[in-house]
Amino acid sequence: MKLVKILERLLSAIPVALGVALLAFFSMRLLPGDPVEIMLGDTQASQAELDALRRELGLDQPLHLQLWDFFTGLLRGDLGTSIVQRQDVVEILATTLPATIELTLATLVVAVLIAVPVGILSAVRQGSWLDRLVLSGALLGVSMPAFWFGLLLILLFAVELRWLPTSGQMDPAIDLHRITGFLLLDSLLAWNWQAFLSALKHLLLPAFTLGIVFSAVLARVIRSSMVEVLRMEYLTAARAKGVPEWQVILKHAFRNALIPAVTVTGLHLGELLGGNMIVETIFSWPGLGRLVVSSIFAKDYVVVQAAVMLYAITYVLANLLVDILYTVLNPKVEL
Amino acid sequence: MSLPKPLPLSFQRWNALWDVLVRLARNRTGLIALAIVTFYVFIGIFAPFIAPYDPSQTDLSARLSPPSATHWFGTDSIGRDILTRTIWGARVSLVVGITTVLLTALAGMLLGMFGGYFRGWFDKLTARLTELLQAFPDLIFAIGMMAFLGPGLGNLIVALFLKGWVEFYRLSRGETLVQATREYVEAARALGHSHLHILFSEILPNIFPSILVLATLRVGYFMVLEASLSFLGVGIPPTIPAWGSMISEGRNVLFLAWWVSTIPGLALLVLVLTINLLGEALREVLDPRLKERV
């Protein structure tokens, strides 16, 4: 029964995915200006060069044929070739994706580690200084431009204190064989402690930049749902049965307060991905976000188009996952 | 001036906007926020008279000079005065934030109200379109758009607009759907009022407060988006002083001069924070019952 609902929900994402692909297709072709001329803009390209590039991108074909090629290419997993790097776009994306996933996961870990205890404590001690701090911190977190916050952290921890490196994913002097592309995992697999430490040090600042900002929002959500749950009668019942207070709060209350937190995390994923783009640029983190930004400047539209599409699909899938997780956490909710 | 006692406030009369201002001024947070925002607007409008230097005037002998009596917030890598450029930068943020909100609110409100009231194929079509747009995170959509449109103030507002109206659309549509089932709408229909009259004179005043709150919060949001895009170099062209691009310039000299990116960032943070506070105060003032809902 539930499986059918999940399948239905999965199928409903297909038209959105198709729309995203269509939008990506038309964005390059319908906007003002000739994309080929823009791509070769800085170099005084000859007419022959323009024609050659146009042919290579298939832009000399009639629109319906271009559309056909685009979609059959998608089905075959072919997103075209980067005109700048002269490399298969799928390959380029595959090398950058692990770095972005690693950063996103680290961000979530940081955010949860901060937000869960802080959110619970401020709900239990409502009106205390900690509680007021959480509420104002949440407002600050919403208003904070992530890129500027990242620079402040660099200024403090890399420039002044010199505790952490400013950029990159690992010390370039360290030789590490890449298996999965997740450097923390790879260095563990290779039993290389030096590499592991270096990767961890490089990960800290970008993960904290994104994680602290997000934890402000998350802590507020956890606080308000905890406040509501703490009023419930079943907690009084649990206390009356002699369940220790910490168990009442952690086991009985927090579990039920978790649902809104999961939802917000999922909904926030889009912003997290967007923030990734900026924070990756600041810290020269070799992920998908930095790829998009550098491709925009290199006028490598084939890559931009593919990466933006990948972002959108990831976002849709993440929202889907949240919906499904929601039903698992709260069996009363129907999809 | 006597305030209408029964809350929440109704927007039947358009001078209700004045009532809102009076109520905001009586709310402590609201008053402080109003004062700071007014200060920023004042500085932005009168930038040429207030700023001590010319924003593009370079002074190579005073490159990267730290904050001092002659340059309160120091200078950047080609000797331009940071205080001056920060003051001028307020213009871009305010213009982008306010213009984008006005445009997105108007478009989203109209589409949402018509969709929620008349339903039909047009409503279905817009709903599908918003679903599609929502598949893109805001910043990524804007960056993608700017990649194709190229930098510029007008292009930036267009890029933010193309997706920004969705929030207002969803809010107005949802609220209109609820209001359309209320008795007063039925009564107006029975009295023979036209659909347009019902939409704009009966329903709009009732949904306007929530739109106003959303609009306030969105001003700050669009400012951060603009600064992010300018920071990445795809927003405002570097010839115009904007906080985002100033922060980006400061990034290159972070090791030498902390003030170059810190000052404009602080200006942005304070403004956005104040606007968000104003939104919260507005929410309280418009409907005190909302306060309890976190």
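Colleague: Which conventions apply here?

Modeller: Residues are numbered from 1 along each chain as its sequence is written, while chains are lettered from A and ligands numbered from 1 in the order in which they are written. As this is a predicted model, local features need pLDDT of at least 70 and side-chain atom pairs count only at pLDDT 80 or more, whereas totals for chains, interfaces and linings use all residues.

Colleague: What is the mean pLDDT of chain B, and where is confidence lowest and highest?

Modeller: pLDDT is the predictor's confidence in each residue, from 0 to 100. For chain B the mean is 85, with 93% of its residues at 70 or more. Helices (H or I, at least four residues) and strands (E, at least two) are DSSP runs, numbered from the N terminus. In chain B, helix H1 (residues 16-26) has the lowest confidence, a mean of 82, and helix H4 (residues 82-118) the highest, at 93. Over residues 1-8 of chain B, pLDDT stays under 50. Where pLDDT is low, the predicted coordinates should not be read in detail. For the complex, the predictor gives an ipTM of 0.80 and a pTM of 0.85.

Colleague: How many helices and strands does chain B have?

Modeller: Chain B has 11 helices and zero strands. Its C-alpha trace spans about 75 × 50 × 35 Å along the principal axes.

Colleague: What span should H4(B) have?

Modeller: The expected span of a helix is 1.5 Å times one less than its number of residues. The 37 residues of H4(B) should therefore span 54 Å, and the 53 Å between its end C-alpha atoms agrees with this. Just after H4(B), Arg119(B) adopts a positive phi of about 55 degrees.

Colleague: Which residues does Ala142(B) touch?

Modeller: Two residues are in contact if their C-beta atoms, placed from the backbone, lie within 7 Å. Leaving aside residues up to four places away in sequence, Ala142(B) touches Ala159(B), Leu160(B), Leu225(B) and Leu229(B).

Colleague: How many residues does each chain give to the contact between chains A and B?

Modeller: Chain A contributes 36 residues and chain B 34. On the side of chain A that touches chain B, H11(A) gives the most, with seven residues. That side has 28 nonpolar, seven polar and one charged residues; Ala, Val, Leu, Ile, Met, Phe, Trp, Tyr, Cys and Pro count as nonpolar, Asp, Glu, Lys and Arg as charged, and the others, Gly among them, as polar.
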